[in-house]
Amino acid sequence: MNYWLVKSEPSTWSWDQQVAKGAKGEAWTGVRNFTARQHLVAMKKGDRAFFYHSNEGKEIVGIAEIIKEAYPDPTDKTGKFVCVDIKADKPLKTPVTMAAIKADKKFADMALVKYSRLSVQPVTADEWKMICKMGGL
């Protein structure tokens, strides 16, 4: 299994909206960065992703599961970009803030710290375990 982090501004698409979609999940559309696209293509069914509220909150609030692998993004008129379907798995008991992550030297090489604007990014197994622990899981 691989681990990921997906970002969304809560005013655009929030964790609560993701949870409300239930088991059928929702297409993760609108990604328009080629590096993020490569990460979407690499996602496999069953992989897990942290759900990060960007701009407002700046915190990891939940864990989502990839339920459908990459396919053409229906919101992309150019045909260059893809999306995956994700469903909410569980919330973190305590959201993990960007400030808390940046304050811990163990996360210095984490994509979230190094490439903070990237909307879809990989997370290492060690980072995953540490953040889950910080989040009360």
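To begin with the context, how many helices and how many strands does the protein chain have?

Analyst: The model is predicted. Its protein chain has 5 helices and 6 strands, and from the N terminus on these elements follow the order β-α-β-α-β-β-β-α-α-β-α. The radius of gyration is 14 Å, close to the 14 Å that the globule rule gives for 137 residues, so the chain is as compact as a globular protein of that length. Along the principal axes, the C-alpha atoms fill a box of roughly 40 × 30 × 30 Å. Of the 137 residues, 42% count as buried. Among contacts with a separation of 6 or more, 68% come from residues 24 or more positions apart.

Turning to the rings, the count comes to 5 aromatic pairs, where ring centres within 6.5 Å make a pair. One of these joins Phe34 and Phe81: the ring centres are 4.8 Å apart and the planes stand at 35°, so the pair is tilted. Phe34 belongs to helix H2 (residues 34-42), whereas Phe81 sits in the loop between strand S4 (59-72) and strand S5 (82-97), so the pair ties together parts that are 47 residues apart in sequence. Phe81 is buried, its relative accessible area being 8%.

A further pair is formed by Phe50 and Trp128. Their ring centres lie 3.9 Å apart with the planes at 20°, and because planes under 30 degrees apart count as stacked, this pair is stacked. Phe50 is part of strand S3 (residues 48-53) and Trp128 of helix H5 (residues 125-134), so this contact ties together parts that are 78 residues apart in sequence. Both partners lie below the 20% limit for burial: Phe50 has a relative accessible area of 0%, and Trp128 is buried at 8%.

Another aromatic ring has a charged neighbour: Lys68 lies over the face of Tyr71, at 4.1 Å from the ring centre.

As for annotation, an unreviewed UniProt entry lists residues 2-134 as "domain: EVE". In the model, this span is 26% helix and 37% strand, and its end C-alpha atoms lie 19 Å apart. The accessible surface of the protein chain comes to about 7300 Å², with 51% of that area belonging to carbon and sulfur atoms.

How values were computed: Residues numbered from 1 in each chain as written. Predicted model: local features only at pLDDT ≥ 70, side-chain atom pairs only at ≥ 80, totals over all residues. Heavy atoms only, no water. Phe/Tyr/Trp six-rings, centres within 6.5 Å; stacked < 30°, edge-to-face > 60°. Helix = DSSP H or I, 4+ residues; strand = E, 2+ residues; numbered from the N terminus. Buried < 20%, exposed > 50% of the residue type's maximum accessible area, 1.4 Å probe, protein only. Lys NZ or Arg CZ within 6 Å of the ring centre and 35° of its normal. UniProt positions renumbered as here; feature names shortened; annotations may be inferred. Rg over C-alpha atoms; globule rule 2.2 N^0.38 Å. Contact = heavy atoms within 4.5 Å. Areas by Shrake-Rupley, 256 points an atom, 1.4 Å probe, with all protein chains shown as cover.
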